[in-house]
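I am opening a notebook page for a structure that is new to me. My plan is to look up a few things in turn and to write down what I find.

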Amino acid sequence: MDRRDDLRGRDPSRPGARGVSGRQQVALVLLRVAIGWHFLYEGWVKLVDPGWTSAGALAAAQGPLAGVFRELSTHWRILEVVDRAMSWGLTAVGLGLVLGLLTRAATVAAAGLLVLFYLMNPPVPGMEFLPGEGSYLIVNKILVELFALGVLLAFPTGTVAGLDRLLQGRGRAIAGRADVVGSERPPEGIP
Amino acid sequence: MSKGDEAPLLTRRDLLAGLATTPALVAFVVAARTHAAYRKDSRHGIFGDLLERLPLPGGAGESGAAPAGPVLNVGLIGVGYRGKQLLVAAGFAQPGQLAAGESLGTDGEAPLGIRIAGVCDIYQPNLDWGVVASGGTAVPYRKARDLIASPGIDAVILAVPDHWHVPLAVEAARAGKHVYVEKCFSHDVDGALAAAEAVKAAGVVLQLGHQGRQNSLYALAARLAGDGLLGGIRLAQAFTNHNGPVLAWNGAIPKEAGPRNVDWEAFEGNGATHPFDLDRFFHWRKYWAYGTGLSGDAFTHEWDALDLVLGGLGIPGTAIASGGIYGWRDGRETPDTYQVVYEYPERGLALTYNATQANGWRRDKILFGADATMTLEGGVRVYADRDSTRYAEFLKTGRIDPDRPIAAYLPGDGRWLDAGTSATQHWAVSRGLLYSTTPTGRRVNTATLHLRDWLDAIRSRRQPACPIDLAVVEAVTAHMGTLSMRWGCRVRWDAAARKVVPDRDTGGTA
């Protein structure tokens with residue numbers, strides 16, 4: 001028996017169940033959709049604004065890696081690539097999280113972007129921050145969002161509520177048919 | 001074991017769960033579109049379609065092929081601080097000659113289609129530098145007149161002390177050579193008028209070296225101001241704050257310099273007679289015999305930007321100025337502290353300028369309009385005026401906050417943002433109602449663009465960006481301030497006599 005099965009005691013093969021209650025699943029899915037929405041809008045505003053560029057943000061970078069980010073902002077060819085990767089990357093990641101599509105990859109990519117954003121303006125002692133944004137030391141909203149993504153990686157929800165469930169269902173169906181051909185009944189414990 | 005495992009096809013429940021979060025995407029699209037429409041309405045209400053019509057600045061240069069037409073043979077007279085910069089801007093310097101972080105102005109751009117056919121300097125190491133930078137194509141000249149007279153030269157760049165601008169420009173024009181001359185255009189008013197006559201008579205193209213005219217920022221600001229976004233502009237302020245020896249005209253004098261490699265007589269020329277003096281030779285800006293003071297040297301840059309943004313200032317009606325030597329009491333003649341007020345009664349505008357060479361604080365140029373205020377320095381920001389009638393409705397409903405820019409443009413220039421923009425400013429712009437944009441354009445050396453404009457003008461027989469008539473306005477404006485300061489009285493432009501004269505008043509008593 002799969003080790004995960006005993007966490008909840010029923011329907012262990014139900015995709016994504018993994019021993020969390022229905023209420024907990026709803027909470028996790030809401031968290032995923034909210035983070036996805038945030039990424040999606042950050043990507044969207046950059047896509048619809050023809051004048052947007054990451055140059056300003058890169059140039060205003062602080063902290064130990066500021067020099068690297070600033071250097072990027074001064075080469076327009078590199079900047080074009082960064083801009084495109086940023087606007088489309090944020091949008092794609094946002095769509096993935098909202099729709100629960102390729103959820104794991106989207107979660108990892110989102111976390112990667114947040115690491116970059118965190119490093120661009122790390123709230124370490126001695127850094128300056130924008131007024132009205134609040135006060136941070138080491139931990140800021142980016143880091144909290146990053147850790148929330150960590151929770152989503154630990155408790156995947158794409159197959160609870162998301163298009164991944166359809167993909168997986170389809171995969172299972174194909175696998176099932178293959179099994180039907182090969183044997184009388186499908187093997188147990190197909191996830 | 002559930003039934004689903006035994007029949008591993010998509011169930012109704014799978015379908016519902018699979019699509020459970022899709023409505024969030026629908027909600028997102030509706031919300032984002034609603035928000036975008038609101039912003040567009042706000043923007044349209046304030047600006048009409050102005051912002052849609054505005055070309056985003058940036059990337060003004062073109063990369064690609066060299067210009068059509070024959071290669072022009074250019075001679076550079078004066079390979080000093082500015083002359084070297086112009087050579088680099090034109091794409092001529094050997095790798096070892098570039099300073100750290102410096103690159104050729106033509107890098108990533110189309111070449112200018114010129115050959116440096118001659119260089120001239122009266123300080124031998126500069127002359128040698130120019131020959132090397134040209135790639136060996138330049139013939140070295142010790143006498144400017146010989147370079148100008150050479151049949152192998154089509155056009156000359158004059159990067160010499162101010163007192164030599166007019167004599168060499170006139171000589172070049174008479175020889176049929178096109179001229180790019182550094183500012184200030186002339187050393188005195190009469191010189192500017194005489195040079196204009198000579199240039200026009202010869203039909204050559206003269207470009208005054210105000211490369212700031214190529215700054216796309218000012219073109220954008222001009223469009224904003226020209227479209228009436230600011231309302232009537234009745235007052236403008238400009239400033240120069242410089243600090244440190246180089247900007248206070250006291251840069252290091254090369255150790256190897258001396259009578260053996262400096263042609264002192266050629267430097268003085270123009271009627272001046274002083275004994276050999278390296279301070280005068282290298283720090284000529286400090287002396288009235290050669291330089292034009294803060295007015296000719298620093299103010300003219302600010303004047304140039306304001307002239308562009310305000311759509312042609314013309315010669316002012318009057319000027320009153322004062323100044324003193326307070327920061328650098330090193331025997332200099334030209335004040336290091338200077339202020340001037342120009343009146344333009346015909347267009348209903350006053351322009352004030354204030355400069356110091358003993359402090360480096362950065363001050364924006366400011367244009368004060370009845371409906372909005374524009375600050376201009378590395379970026380453009382427009383703030384609605386609290387008592388504006390144009391924006392009254394928006395101010396009343398709180399859609400415009402007078403403390404935040406209604407329009408802002410910050411070039412995507414890391415170095416500038418680094419030096420001139422605090423996080424607070426970025427924040428203010430990001431919270432500004434609209435149009436906070438950094439273009440994807442690359443940075444282009446404005447001197448390269450200005451040289452290109454001059455060469456294009458020569459090839460296509462058109463007027464360049466800063467032509468002879470504007471050069472005269474620049475020089476007269478600058479000299480009015482200097483004369484007012486030196487005479488100790490307000491001066492006015494006598495248009496009929498084409499002279500600057502003391503503006504003696506009625507002799508009122510207190």
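Which residues of H1(A) meet which residues of H6(A)? Before answering, I note that I am working with a predicted model.

**Entry 1: a helix pair in chain A**

I looked up the contact and found that A:Leu28, A:Leu31, A:Arg32 and A:Ile35 in H1(A) meet A:Glu145, A:Ala148, A:Leu149 and A:Leu152 in H6(A). Sorted by class, this contact of H1(A) with H6(A) has six nonpolar residues, two charged residues and no polar ones.

I then turned to the geometry, since two packed helices are described by the angle between their axes and the distance between the axes. Helix H1 of chain A covers residues 22-48 and helix H6 of chain A covers residues 141-154, and I found the two packed at an angle of about 135 degrees, with their axes 10 Å apart. H1(A) is therefore oblique to H6(A), because an angle counts as roughly antiparallel only when it is over 145 degrees and as roughly perpendicular from 65 to 115. I also recorded the handedness, and the crossing of H1(A) and H6(A) is left-handed.

**Entry 2: chain B as a whole**

I looked up the make-up of chain B and noted 18 helices and 17 strands. Chain B has 510 residues, of which buried residues make up 45%. Taking the contacts in chain B with a separation of 6 or more, I found that 70% are accounted for by residues 24 or more positions apart.

**Entry 3: backbone details in loops**

Where in chain B does B:Cys184 lie? I found B:Cys184 in the loop between strand S5 (178-181) and helix H9 (189-202) of chain B, and a cis peptide bond, with omega about -10 degrees, joins this residue to B:Lys183.

I went on to positive phi values, and in chain A I noted A:Leu102, which is not a glycine and yet has a positive phi of about 50 degrees. This residue lies in the loop between helix H4 (76-99) and helix H5 (103-120) of chain A.

In chain B I noted B:Arg461, again a residue other than glycine, with a positive phi near 55 degrees. B:Arg461 lies in the loop between helix H17 (446-460) and helix H18 (468-487) of chain B.

Is A:Leu102 buried or exposed? A:Leu102 has 20 other C-beta atoms within 10 Å, so this residue is buried, the cut-off being 20 or more. B:Arg461 counts as exposed because it has 8 C-beta neighbours inside 10 Å, where the cut-off is 12 or fewer.

Note on methods
Residues are numbered from 1 along each chain as its sequence is written. Chains are lettered from A and ligands numbered from 1 in the order in which they are written. This is a predicted model: local features need pLDDT of at least 70, side-chain atom pairs count only at pLDDT 80 or more; totals for chains, interfaces and linings use all residues. Helices (H or I, at least four residues) and strands (E, at least two) are DSSP runs, numbered from the N terminus. Two residues are in contact if their C-beta atoms, placed from the backbone, lie within 7 Å. Axes are lines fitted to C-alpha atoms, for helices over the stretch in contact, and angles run from 0 to 180 degrees between N-to-C directions. Angles under 35 degrees count as roughly parallel, over 145 as roughly antiparallel, 65 to 115 as roughly perpendicular and the rest as oblique. A crossing is left-handed if the near helix is turned anticlockwise from the far one by less than a right angle, and right-handed if clockwise. Ala, Val, Leu, Ile, Met, Phe, Trp, Tyr, Cys and Pro count as nonpolar, Asp, Glu, Lys and Arg as charged, and the others, Gly among them, as polar.
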